[in-house]
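Take a walk through this structure, one contact at a time.

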Amino acid sequence: MLLDELKSAQAQAEQDIVAAQSMKEINEIRGKVFGKSGILTSLSRGMRDVAPEERPKVGALINEVRTALEAALEDKQTQLEQAELNLKLESEQIDITEPAQGKCKGALHPIPSVIDRLCDICVELGFSVVEGPEVESDYYNFEAMNIPKNHPSRDMQDTFFINDNILLRSQTSAVQAREMEVKKPPFKIICPGKTYRNDSDSTHSPVFHQLEGLVIDENVSMADLKSMLTIIMKRLYGDDTVIRFRPSFFPFTEPSIEVDVSCPTCHGKGCSLCKGTGMLELLGAGIVNPKVLEMSGIDSKKYRGFAFGFGLDRTAMILNSIGNIKYLYKNDKRFLEQMK
Ligand code: PHE
């Protein structure tokens, strides 16, 4: 009797296990077979009615069925889990070759974008790009540029000193002497980078950017400087740009000039960007003072040079019609989105 019941219970459970499609069903079968009122449990209770001499045999059989069913359940469970995992892997598959949705395209900040453009233009003209330290010595920032301690022209650059001899560079001209000391002429370099002065209003920021240019060669003249700057300005602002050279003063260049371009917004008619003048001041330049060449170990009888220094923030503001320099440093996403 009991044995028949055991056989049919086993057969039923095995059938159920084969048919089960989910972990839920597996757990239900487990309950139905091994639970408190499960079939095996009640069959075990039925042992009381089995003749004592039959008990060991029947007991062993029940155990056999228990082990077999447990194993079958275990197997099925592994099978189902594997199938579930495969399904998940398949549905969550990412196609890494699919092109990205073009929506979140970023934009370069106006400053690095201007640096890139100017570097491209200058590299095409044969310049190589160099870098210099932002924390600089008084020597390279001033003295090697023919600005001795206590020279009045230091007043034009309200400098952040770290101690008597270390400062945050107030001009990229500091790289001029560094390069002249290590490079053999002839050479042409540009150096873009951050510069620092204690200045703050709508057109000045304590951190700003310059791009220094330096050409050292035999027989370099003001004519070369003017033609080089004309090419750079026209490439940057367009062929119809008018360029104006004015005499100026820098201790490290002699003679010195300042360079203006016709306002690209009003084309010289006068507007708010150029404050009605039609022209915009853009950079300082000049023929390298022979004293500067000599201090850096270059023979001033044989070599001459010219140098120029761009204000990059101003250039970025002009090219993108930005009214206040502070926008460049506010890190406002809405501003950057307009720069695309
Ligand atoms: N360093 C100067 C400035 O910051 C600009 C300059 C560079 C002028 C090179 C002449 C030559 O005002």
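Ala13, Asp16, Ile17 and Ala19 of H1 touch Glu25, Ile29, Lys32 and Val33 of H2. This is a predicted model. By residue type, the contact of H1 with H2 holds 5 nonpolar, no polar and 3 charged residues. Two packed helices are described by the angle between their axes and the distance between the axes. Here, H1 spans residues 2–19 and H2 spans residues 23–34. Their axes lie 9 Å apart, at an angle of about 170°. Angles over 145 degrees count as roughly antiparallel, so H1 is roughly antiparallel to H2.

Now turn to the largest nonpolar core. This core has 45 residues. Which of them touch the most other members? They are Ile232, Leu283, Phe308 and Phe310. Several helices and strands each give the core at least two residues. The helices are H5 (110–124), H8 (222–237) and H10 (312–320). The strands are E5 (207–217), E7 (253–262), E8 (279–288) and E9 (304–311).

Look at Leu283 in detail. Leaving aside residues up to four places away in sequence, Leu283 touches Leu229, Met233, Ile257, Glu258, Val259, Phe308, Gly309 and Phe310. There is also a second, separate core. That one has 24 residues, including Phe187, Ile216, Val292 and Ala307.

Within H10, Leu312, Asp313, Thr315, Ala316, Met317 and Ile318 are buried. What do the buried residues of H10 pack against? Their partners are H5, E5, H8, E8 and E9. Just past the end of H10 comes Ser321, with a positive phi of about 50°.

Last, the cysteines. How many disulfides are there? The count is 0. A disulfide needs two cysteine sulfur atoms within 2.5 Å. Take Cys191 as one case. The closest cysteine sulfur to that of Cys191 belongs to Cys119, and it is 9.2 Å away. That is too far for a bond. Cys191 is also buried, at 0% relative accessibility. Cys263 is in no disulfide either. The nearest cysteine sulfur to Cys263 is that of Cys271, 3.7 Å away. Cys263 is buried as well, with a relative accessible area of 0%.

Notes. Residues are numbered from 1 along each chain as its sequence is written. This is a predicted model: local features need pLDDT of at least 70, side-chain atom pairs count only at pLDDT 80 or more; totals for chains, interfaces and linings use all residues. Side-chain values use heavy atoms; hydrogens and water are left out. Buried means under 20% relative accessible area, exposed over 50%, partly exposed in between (1.4 Å probe, protein chains only). A nonpolar core is a set of buried Ala, Val, Leu, Ile, Met, Phe, Trp, Tyr and Cys residues joined through side-chain atoms within 4.5 Å. Helices (H or I, at least four residues) and strands (E, at least two) are DSSP runs, numbered from the N terminus. Contact means heavy atoms within 4.5 Å. Axes are lines fitted to C-alpha atoms, for helices over the stretch in contact, and angles run from 0 to 180 degrees between N-to-C directions. Angles under 35 degrees count as roughly parallel, over 145 as roughly antiparallel, 65 to 115 as roughly perpendicular and the rest as oblique. Ala, Val, Leu, Ile, Met, Phe, Trp, Tyr, Cys and Pro count as nonpolar, Asp, Glu, Lys and Arg as charged, and the others, Gly among them, as polar.
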